[in-house]
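Colleague: Could we go through the ring contacts and the terms used for them?

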Amino acid sequence: MSVADAISLYSIITIWFLMIINVILSVGGFLYYSRCNETDGSIPLPEGSYPMVSILVPAHNEALVLNRTVRSLLNFDYPQDRYEIIIINDNSTDNTVELIEKIQKEFPDRRLMILSTDKVVGGTGKSNALNIGFSVCKGEVIAIYDADNTPEPQALRLLVENLVADPRAGAVIGKFRTRNRNASILTRFVNIETLAYQCMNQAGRGYFFKLCTIPGTNYCIRRSIIERIGGWDVKALSEDTEISFRLYRMGYYIKLLPQAVTWEQEPHLLKIWLHQRTRWARGNLYVLAKNFKYTFDPAAGKMRIDTLYYMMVYVLMLTSLVASDVIFAGGILGIIHVRLAGFSSLLWIMAIIVFIVNMMLTLALEKNEFNLESLGLVTIMLFTYAKLWVIVVLKALYLTVTDKIFHRTVKWDKTVRYVEDTAGYTVANHHPKGGI
Amino acid sequence: MRFFFVKKQKVKCSTMFKAAGLLLSGCIVCSLLCPKIPAAAAEGAPKAQILMVVPDETDEEQQESEENIAELLVRLGYSVTFSTAAQAEVSAYHNVLLYGLKEDAVRKTAGSLLKSQRLFLAGCELPADSEMFGNVQKTKISAATAEYKLEKVSRESVTLQMYLFGISPEYTSGVLKAEGETMPLVFGWKNVRCVSFASYISSMEKNVLIRELQLWLEQEKSSVVSSASAYLVLDYVYPFADPDTLNQMVQWLVSENISFAVSVAPIYTHSDFPAMSRFCEILKYAQENGAAIILCAPVIQGDTTEEQIQSHLDSAFQNYCDQGVYPVALEVPESWIFNGTYLSTMKHFTTVLYYEDAADIQMSGLQSTKDLISSRISLIGPAIMMQSGDAENPSCCNRAFYIDSTLSLKQQKILAGQAMDTATTEGDLRQTKQCVQMGSRKLVWDTETMQINDGAVSLQYEPAEDTGKYDYKRDVFYRATADLQQQNRFLTVFVMISLVFFICAIVLARRQMHRRFFYFEEKKNETEEKGRK
């Protein structure tokens, strides 16, 4: 058996294995969403029993988008006296403070706070900012929103109601949508990807295993849990994934509530997207390395399924995609010759069709997403956008390894924002120094 | 009164088509590639024993006939080169064969011949008035019947030209009958032969030609036409064919005392597998009982170098030898025998059998058939299909009756019986000395003993015990590949079920979305109405 044969065999088995898992997860996702769509997600609490909620919004030079976010947070249909908004102005150099102060004056009777940090205590990332915000907040329930979010009015209420209603739920997460899907072809791809991810991976895992990963925004969590785990891990670039694993280990589950929706701004330029996704991938690799030891620990419970799942994604899927691409390119160039027989081309074509139909199913569960344009985009993104994932993870791996070797401190990489018009199109990019 | 029989021509060929046609016929090389220099006269070109002069323009039937004539000459052991009438330097050749020429071309070519030179006319129009044929008068008729030995053939829709010869032929053979008149099918004088057929595609026409060609060529030697051998060859013998049928056929041939050969497919890998051993058991049994083993050449697809072919044949030969089966001859497609690339491969065998194949005959690397003839390879061509009951079918050259071993036992026996009925002399490759040089092995069969690299080899068959235990040494790759093939069905079903599910789910999801939309719209309207009140 030649090396090319072995690699091909590995790729084929792995890709089909992962595909079967994805199809199964999609079935679960569809059933979960269907069940959720039967109701509006509300579990009304007796009047006066709504818990105090602290909404933490970490912001580092987010003035460009923060105004819209804060106004959306103030517009929640949650009892106004039962929630506070804490903007953690994390060493910003822009006009965040002035902006918040202006809103404070506009809504003097609302609990809107701004907590500014300096270079000494702040500016080291989202986890640190959340820990600072948590140290001053008073709510029994902590809700987290990113600075670029515009949640729907009922989102917080639905999240809190569902959290309170089920004591086994450590956190309840909502759905995030792409606010600027029309900004570029990239944001259209991201829109489809995020919808598919939440339906297939989040809802699918939630349906079968009651496992979901906290998405970093639009979620609420019990204060007691944060206190017990000692806050967010400041070393984690993806603090959301990291905290999810700790929740599992404590015996809680994370509930997905697709009716609680927030709209967020996604990167509209490839460069920005690559930075963001590399950060996520590095964060997930960190979490995987940190939690891999629990994979074979029965006491870790269901968390082992998620560590295995992440292992499959970051090891099996990555290596098999890289290998299949190398074999494909080598075959075209006539460098690599594979003797492996077995799978017919028809099967591969059918697999591509399954992928496309699978993606279309996730879009069929959303309003205004199931159309011919989406079908075209899904087909194109299979051969373009999906390939970028390999580059992102390879880059993340490289940076993770070199950081270890050269003992570099991992730095938070802020996603660059831009001004949108009402239809979600780009108006201007945000300059890191605060200008436009 | 004398008659001459010429088939109606359908010549409408362009000059370009002529060139392609001649190349396809496998006959013309230099004469067409270098039109100003006749091939045979080109400096340094090997000179063949026979010059064949062909028309400038030919139709498909004539091209095929040219191919067949060339093949028959090679089977008789003569080299041949080609030229058109305009370019032919007939004085340089002792034997000149004219095919399909019109009256003027015949007059020009034959007129320049010396008396010592010998001329064969196949399907040519005789000139009305020439020194060689005297005063010839011709009359057209419309149908004729030809008889040659016991064979008969009728021709319709032809133009018959009845000739009155000024000089009576010294030699005649066969009869042409047309409208109550008769004339010889073959006629000639001392150094001249004429065959009336214009086409040499059917078995009878080829039979007539090959016999008359041999008589004409052997005339100078004053030898009697020898009766060549007919070989019975079990063809398409593969390890994965039904071993029982093969075994029964072999046993029947042995019991009937029929000499036969077995043409085996080349095996390159897994020659130590139990299936191969079982297959070779039958071959060894046949070998012990007098059968000659023939190694069939690989089927060439795409560009293959001489070294690759040689390497594959070496491998196949060695694999059979390792199993105690010793091929003494090679079987190749007909297109190989005119191709220089394959000639060096064929030279490793004393005897080469060939079969008709669909591939175009190419003359690449050969200035004429002389290279092939000088290689001293004993060529055995396929038997021309005989008319039933033709006991005196001409047998001028060795020929092979190929019997498809994939047919039923009954059919094989019938074919073998028919072949033996038509064969005057039963051939046996083991009755002639054979020599094979493949790789580092030199196999010599001297009609009694076999030696490989000067070491005696026993052909005695000893049944081997099949223990039923064999380590196939199948690694993960082979197991997985086999498993993948088995998984194909599972995955196809899985994919189909997934597709059906997803499509149904999409329909349900869309219906649910519609329902949800209207439900919430209604609810919203109700709330608004309550608010107004």
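**Aromatic contacts**

Colleague: Why is A:Phe76 called buried?

Modeller: A:Phe76 has 4% relative accessibility, so it counts as buried (under 20% relative accessible area; exposed is over 50%, partly exposed in between, with a 1.4 Å probe and protein chains only). This is a predicted model, in which local features need pLDDT of at least 70 and side-chain atom pairs pLDDT 80 or more, while totals for chains, interfaces and linings use all residues. Residues are numbered from 1 along each chain as its sequence is written, chains are lettered from A and ligands numbered from 1 in written order, and side-chain values use heavy atoms, leaving out hydrogens and water.

Colleague: How many aromatic pairs are there over all chains?

Modeller: The structure holds 24. Rings of Phe, Tyr and Trp (its six-membered ring) pair if their centres lie within 6.5 Å; planes under 30 degrees apart are stacked, over 60 edge-to-face, the rest tilted.

Colleague: What makes the pair of A:Phe76 and A:Tyr83 edge-to-face?

Modeller: The centres are 6.0 Å apart and the planes stand at 65°, so the pair of A:Phe76 and A:Tyr83 is edge-to-face. A:Tyr83 is buried, as is A:Phe76.

Colleague: What is the angle between the planes of A:Phe76 and A:Tyr145?

Modeller: It is 45°, with 5.7 Å centre to centre, and this aromatic pair is tilted. A:Tyr145 counts as buried because its relative accessibility is 0%.

Colleague: Which residues do ring pairs link into a cluster?

Modeller: The cluster consists of A:Phe245, A:Tyr248, A:Tyr309, A:Tyr310, A:Tyr314 and A:Trp389.
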